[in-house]
Amino acid sequence: MQAEEIKQTPINEVVNMDVLRFMQPGCRGVVEVGSSSGALARAYRDINPACSYVGIEIDADYAKASERHCTEVILGNVENIDDATFARLGQADCWVFADALEHLYDPWKLLRRIKASAHNGVDVVACIPNAQYWALQSTMNSGRFIYQDSGLLDRTHIRWLTRITMIDMFNANGYEVKEMIGRMMQQPGPDMVEALRMMAKASGNDPEMAVQDALPFQYVIRASATR
């Protein structure tokens with residue numbers, strides 16, 4: 001498959017309710033990176049209709065779909081937005097990355113830029129796949145690390161993060177993690193749990209922590225920029 005043939009994660013109308021819950025209800029401005037169908041924008045603006053809700057989409061078809069529910073949609077790569085536009089986005093008090101940070105080349109740089117441009121305080125709400133998920137560890141063990149159209153092995157994923165490296169990414173770039181939950185999907189059987197413990201022991205790590213960190217499929221985080 002040629003690079004130009006790689007499409008973004010398939011568009012859908014599903015609202016990530018954990019992300020929605022982490023978004024403060026009284027935001028004056030929200031920027032959502034990867035606004036897709038606009039489903040999250042619709043759900044949030046049902047709660048807060050006065051909010052200025054800007055979607056940023058790299059896919060023209062998805063940007064068109066987002067226009068139904070966002071107050072503005074910017075077509076382009078968030079990592080390449082010009083300084084003038086980014087300064088205007090600094091009015092937002094919440095940035096949302098619902099399965100989007102892992103698609104960026106330098107999410108660390110973008111988080112610093114968001115903080116630097118914020119007119120006041122700013123929250124970042126993100127849903128991020130867990131690279132330590134037990135089923136992904138099993139896939140690695142089999143050697144069948146085969147990219148797919150969606151899910152943990154989405155072919156458009158660029159960065160891979162665990163609970164520890166997610167927290168470090170925010171802390172190292174001027175944010176304090178305020179809330180963090182794991183989203184659960186299929187859970188491992190007893191043999192897999194014991195294998196996770198054994199691998200942790202062999203590596204000199206905490207077996208129980210290794211198991212706990214392998215259970216979430218994704219994490220949802222709300223981090224606030226510190227001053």
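Start by selecting Pro129 and Gln218: Pro129 stands opposite Gln218 in strand E7. Before moving on, know that this is a predicted model, where local features need pLDDT of at least 70, side-chain atom pairs count only at pLDDT 80 or more, and totals for chains, interfaces and linings use all residues. Residues are numbered from 1 along each chain as its sequence is written, and side-chain values use heavy atoms, with hydrogens and water left out.

Now show strand E5 (residues 123-129) next to E7: the two pair in the antiparallel sense over 7 bridges. Strands (E, at least two residues) and helices (H or I, at least four) are DSSP runs numbered from the N terminus, and two strands pair if DSSP finds at least two bridges between them.

To find your place, pick Ile181, which stands opposite Val220 in E7.

How many residues of strand E7 are buried? For E7 (residues 216-225) it is 10 of 10. Buried means under 20% relative accessible area, exposed over 50%, and partly exposed in between (1.4 Å probe, protein chains only).

Next, click Met180, in strand E6 (residues 175-184). Met180 counts as partly exposed because its relative accessibility is 24%. Setting aside residues up to four places away in sequence, Met180 touches Phe22, Arg163, Met166, Ile167, Tyr219, Val220 and Ile221; contact here means heavy atoms within 4.5 Å.

Time to look inside. The largest nonpolar core has 32 residues, and Ile56, Trp95, Phe97, Ile128 and Phe170 touch the most other members. Such a core is a set of buried Ala, Val, Leu, Ile, Met, Phe, Trp, Tyr and Cys residues joined through side-chain atoms within 4.5 Å. Elements giving two or more residues to this core include strand E1 (29-33), helix H4 (83-89), strand E4 (94-98) and helix H7 (163-171). E7 supplies the largest share, 4 residues.

Zoom in on Ile128. Leaving aside neighbours within four places in sequence, its contacts include Leu101, Leu161, Met169, Phe170 and Tyr219. There is also a second, separate core of 23 residues; among them are Ala41, Ala43, Tyr53 and Cys70.

Now for the rings. The structure holds 6 aromatic pairs. Rings of Phe, Tyr and Trp (its six-membered ring) pair if their centres lie within 6.5 Å; planes under 30 degrees apart count as stacked, over 60 as edge-to-face and the rest as tilted. Select Phe86 and Trp95: with centres 5.4 Å apart and planes at 25 degrees, this pair is stacked. Both Phe86 and Trp95 are buried.

What lies over the face of Phe86? Arg113 does, at 4.0 Å from the ring centre. A charge sits over a ring if NZ of Lys or CZ of Arg is within 6 Å of the ring centre and within 35 degrees of the ring normal.

For another pair, jump to Tyr133 and Trp134, which are tilted: 5.8 Å centre to centre, with 55 degrees between the planes. Tyr133 is buried at a relative accessible area of 5%, and Trp134 is buried at 10%.
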